[in-house]
Amino acid sequence: MRPSLSALLLVASTLSTSISAIPFAKRHNGPWPEAIRSYYVAAAEELAHLRATTPSSTLASLTPSSCNIASPNMPSISGLPPVSPGLSLYHVAVGRGTQNYTCDIAHPSSVPVAAGASAILYNTTCMASIAPGALSKITAASLKLPTPAKNKLLFPAQAFVSGNHYFSDLTTPTFNLHTEKANYGIQFAKLLTKVAVPDSMQQLGPDQAKAVPWLKLSSSNAPEGLASDGSPVKEIYRINTAGGSAPKTCDAMPATFEVQYAAEYWFWGA
C-alpha cells in the first residue's frame, strides 16, 4: 500500500523544517554530537527520496493538517512478543523525560528502586510510516539537547506535543494523549513483557546511563478514583529507548533522583 498523499506532504514538511531548524552557526562551525549528526543524515536522505518520488508541484501546493498511516513496520528485538492479531496502529509518539528512582541512603550497596516515570510525548506518527530511518535516530539525538520547554516542539524532529506520560500510582503507567490540538484518549496500562537492550543496540543517556528495557504493555482498568475515556488502545510498546537506567547501587546517590531518557511509544488499537 502506498502512503497517502497527505502523509507524504506532512512528513516532507516536517523533515524540511527539521533540517532548516539547525542553527546557522552549528551547521558551519564545530562538530555535532554523533547522535544528532546521524539524525540529520537520515532525515536528509529520506527527504531527498520524498522529493524524488513526489511531484514538486504537489509538494508546493498542498499543506495537509493530518496524516493517514500506511503500513509502518515497528522495530523489535528478540524476546519482545508481536502485536496481537486484529490490532492496527493508532498513534506513535516519542517520549522525552525522566525515569524516577528512590534509594535507601542508609545502605549504599542497595539497589535503586524504580518509582515511575514522567515524560512529554511528541507526535511522530507520520514519521513512523514515511521516514522510519529518521524516527529511529530521534531518541538518542534528543538526549544530546536540553529538555524542551512546555508546549515547545521536540528538537531536532520539530514534533508537536501529543500528551504526557506519567504513573497514576506505583504500578499504572498512564498515557494522557489529550491536548488543545487533538484528543487521542487516555490509556492506563500494565506490564506484559520487559526485554533488556542488547549491548549492540545501546543508546546512552547524557550521564552515560544505559537504555531502559523495551516493553510490551496492555491496556488496563483505570485505578480507583480515575475514569477511562473509552480509548481504543489495547497494546503499547516502548522501543528504541535511550538512557534512563539507574546506577547499579545507591552509593553516593540521594534518596530520590531522576535519570534522563527518551523512547518511542507505539499505540495499537482495535
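Colleague: Which pattern does the protein follow, read along the sequence?
Modeller: This is a predicted model. Along the sequence, the pattern is α-α-α-α-β-β-α-α-β-β-β-β-β-β.

Colleague: Where can I look at one pair of strands?
Modeller: Take strand β3, residues 161-169, and strand β4, residues 172-178. They pair in the antiparallel sense over five bridges. Find N164, then look across to β4: N176 stands opposite.

Colleague: How many salt bridges does a search of the whole structure find?
Modeller: It finds two. The idea is a side-chain nitrogen of Lys or Arg within 4 Å of a carboxyl oxygen of Asp or Glu. One of them joins K210 and D199, with the closest N and O atoms 3.9 Å apart. K210 and D199 both sit in the loop between β5 (183-195) and β6 (214-219), eleven residues apart.

Colleague: Which residue forms a salt bridge with K216?
Modeller: The partner is E235. Their closest N and O atoms are 3.5 Å apart. K216 lies in strand β6, and E235 lies in strand β7, residues 233-243. The two are 19 residues apart, and the pair links distant parts of the chain.

Colleague: Why do K216 and E235 count as buried?
Modeller: Use the cut-off of 20% again. The relative accessible area of K216 is 6%, so K216 is buried. E235 is at 7% relative accessibility, so E235 counts as buried.

Colleague: Which residues form a disulfide?
Modeller: In general, look for a pair of cysteine sulfur atoms within 2.5 Å. A search of the whole structure finds one disulfide. C103 and C250 form it, their sulfur atoms 2.1 Å apart. C103 is in the loop between β1 and β2 (113-123), while C250 is in the loop between β7 and β8. They are 147 residues apart, and the pair links distant parts of the chain. Both cysteines, C103 and C250, are buried.

Colleague: Why is the disulfide of C103 and C250 left-handed?
Modeller: Check the torsion about the S-S bond. For C103 and C250 it is about -90 degrees, so the disulfide is left-handed.

Colleague: What can I say about the protein as a whole?
Modeller: The protein has 270 residues, and 47% of them count as buried. Its accessible surface comes to about 13,400 Å². Carbon and sulfur atoms hold 55% of that surface. Now take the contacts with a separation of 6 or more: residues 24 or more positions apart account for 74% of them.

Key
Residues numbered from 1 in each chain as written. Predicted model: local features only at pLDDT ≥ 70, side-chain atom pairs only at ≥ 80, totals over all residues. Heavy atoms only, no water. Helix = DSSP H or I, 4+ residues; strand = E, 2+ residues; numbered from the N terminus. Buried < 20%, exposed > 50% of the residue type's maximum accessible area, 1.4 Å probe, protein only. Contact = heavy atoms within 4.5 Å. Areas by Shrake-Rupley, 256 points an atom, 1.4 Å probe, with all protein chains shown as cover. Pairing = 2+ DSSP bridges.
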